[in-house]
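Have the model open alongside as you read.

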Amino acid sequence: MELTSTSFLVTLIVVTVLAMLALLLLWNRIPGPGWLRWPARVLMIGLCQLTAICVVAASINGSYGLYASWDDLLGTDTGRGASAMTGPPPGRARFTQGGDGTQSVYFRGSRSKLAGQVIVWTPPEYGAPGAERTRFPVLVLLHGYPGSPRTWIDLGDMPGSLEQLVRAGASHPFIVVIPELYPGGMNTDCANIGRHRVADWLGQDVPDLVARNFRTLRRPEGWGLLGVSTGGFCAAKLALQFPRVFRAGAALDPDPLAGDPAVLSDPAVRERNSPLWLLRRTKNADTGLFLATSKQDKDSPPAQLRVFARAAEGTGVRVRTLVQPHGGHNFQTWSGMYPEALGWLSTEIPPPGSGRPGTPADAEDRG
């Protein structure tokens, strides 16, 4: 039974309920003298507490992706995950329907050789009568670290918030794609580091998979990114690194745009994989970036947005910034930024139409 599976969480809940029932039924029925009955009662109380703690821990782990497997939790992972990934290649990957209207697949990228989960949601307009030939823009959602693709659904209220904005006329309907941000278990800030070629996974393998299986608009005109925290850093980075794949990127409370020493310790590697470095080497790019934070967010201070906006002058990169007066580094704040971010993305990316299909990426990796 997988550590992050729903069946494991349900099993823990059932065990917790049974432990509590056993405590109530057996409290006064334990045989023997008092010196034996009281330790038994203490053990039963401890069992109830332990199972309840396990339920909470499993729920948190499922939402935030702290541990991806039993090997990861127990420290028995041999580290071979990035080079010996299982899972079918994109051409043989098959999506399975979920109960919440999403489809998911676990596949191995042909360029990165990494494998991970990708969740896809198509808007109601996608399956509407008469839309069989209509192609849709794509929005790639990038979660933070720690996190998992489910974080966007369980905590970020996506794609529900997007549907509400579409009904209000404040956003285009998008095909929503939520990939694993660090397949292989290593956070690289979406960079190609050794065998962990995460930039190729997100910038080439995932877009190729989606374009092959869904009616998408042509790249880069019809493709955008939206990320939070580490995912926000990656949204800005990938839009600059793969201008032939993505037209625009929206970064909500992004990690340090000059690079995070806690993730990439080598100064040269960190610099060359930062959005700020990529921006300063961009000329006449048809790329848009939306950067948002709050005055209270110490992890993503407004000053870095001002530095980035000044650096964008003369590069051709369109930068729009948003600084809210209040808010922390959490989805409560980020969901309040959705209307501005998705509204802006809808001005950068065209609506559904009969444009050319999403063809295989011819992407330039500047990292």
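Arginine 318 and glutamate 348 join their side chains in a salt bridge, 2.6 Å from N to O (a side-chain nitrogen of Lys or Arg within 4 Å of a carboxyl oxygen of Asp or Glu). Arginine 318 sits in strand 11 and glutamate 348 in helix 11 (residues 331–348), so this bridge ties together parts 30 residues apart in sequence. Helices (H or I, at least four residues) and strands (E, at least two) are DSSP runs, numbered from the N terminus.

A word on the source: this is a predicted model, where local features need pLDDT of at least 70 and side-chain atom pairs count only at pLDDT 80 or more, while totals for chains, interfaces and linings use all residues. Residues are numbered from 1 along each chain as its sequence is written, and side-chain values use heavy atoms, with hydrogens and water left out.

Arginine 318 has another partner too: its side chain meets that of aspartate 286 in a salt bridge of 2.9 Å, N to O. That pair also links distant parts of the chain, with arginine 318 in strand 11 (residues 318–324) and aspartate 286 in the loop between helix 9 (275–280) and strand 10 (288–294), 32 residues apart.

What about burial? Buried means under 20% relative accessible area, exposed over 50%, and partly exposed in between (1.4 Å probe, protein chains only). Glutamate 348 is buried at 14%, whereas arginine 318 is partly exposed at 30%, and so is aspartate 286 at 42%.

Which residues do salt bridges with shared partners join into one network? They are Arg247, Asp286, Arg318 and Glu348.

Elsewhere, arginine 218 and glutamate 221 form a salt bridge of their own. Arginine 218 is partly exposed at 30% relative accessibility, and glutamate 221 is partly exposed at 29%. Under the salt-bridge rule, the count comes to nine.

| Pair | N to O distance |
|---|---|
| Arginine 318 and glutamate 348 | 2.6 Å |
| Arginine 318 and aspartate 286 | 2.9 Å |
| Arginine 218 and glutamate 221 | 3.3 Å |

Back to helix 11, which also meets a helix. The axes of helix 5 (residues 160–167) and helix 11 come within 11 Å and cross at roughly 60 degrees. Ser161, Leu162 and Leu165 of helix 5 make the contact with Tyr338, Pro339 and Leu342 of helix 11 (contact means heavy atoms within 4.5 Å).

Conventions
Axes are lines fitted to C-alpha atoms, for helices over the stretch in contact, and angles run from 0 to 180 degrees between N-to-C directions.
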